[in-house]
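I opened my notebook to look a structure up, piece by piece. Here is how the entries went.

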Amino acid sequence: MIAIRSSRWNFWTTLRHPLLWSLQLSYWFIPVGLFFIGCHYLLDFSMSIAIHILTVGAMGGMILSMMSRVSLGHTGRALQADKIMTLSFLTIFMAAIVRVIFVLFWPEEASTFFLVTISLWSVGYSLFLFKFGLVLIRPRVDRKSSSY
């Protein structure tokens, strides 16, 4: 059901808007992860890889995308992703791909891929901190009340 709903979103129409494609791509990791959890029980597929599809891809991507969108909105800024935010989103999704696909096909190099994944994850969230660290402790740019 999740995959059917997601397929109706016309993902290609969001490619110019990183705040949107990052949310949609994160969401797609949910049905993929659930599918591979099912494969674990039916076909003896790695549960670790299935869980990392959900945690690195879905949770990691969704949390970063939502934090970025909410940080812009609640500080009175335009809902536009710049290059730093876009790079941040890309590094999280690259971390998911490296953790899942590379480890799946080259398990003998898993420890190397784990380090790459950790590095990509750290870069992605560090870019968020760099971009929004000071923004989040300063007043709104539009001078409106910050009460929600």
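This is a predicted model: local features need pLDDT of at least 70, side-chain atom pairs count only at pLDDT 80 or more; totals for chains, interfaces and linings use all residues.

How many helices and strands does the secondary structure of the chain come to? I found 5 helices and 0 strands, and from the N terminus on they run α-α-α-α-α. Helices here are DSSP runs of H or I with at least four residues, strands are runs of E with at least two, and both are numbered from the N terminus.

Residues are numbered from 1 along each chain as its sequence is written, and side-chain values use heavy atoms, with hydrogens and water left out.

Next I checked burial. Of the 148 residues in the chain, 37% are buried (under 20% relative accessible area, with a 1.4 Å probe and protein chains only).

Then I turned to a helix pair. The axes (lines fitted to C-alpha atoms over the stretch in contact, with angles from 0 to 180 degrees between N-to-C directions) of helix 2 (residues 18-43) and helix 3 (residues 47-74) come within 8 Å and cross at roughly 160°. Helix 2 and helix 3 are therefore roughly antiparallel to each other (angles over 145 degrees).

Last, I picked a residue in helix 3, Ser-68. Is Ser-68 buried or exposed? Ser-68 counts as buried because its relative accessibility is 2%. Leaving out residues up to four places away in sequence, Ser-68 touches Leu-19, Met-85, Phe-89, Phe-128 and Phe-132 (heavy atoms within 4.5 Å).

How values were computed: Buried means under 20% relative accessible area, exposed over 50%, partly exposed in between (1.4 Å probe, protein chains only). Angles under 35 degrees count as roughly parallel, over 145 as roughly antiparallel, 65 to 115 as roughly perpendicular and the rest as oblique.
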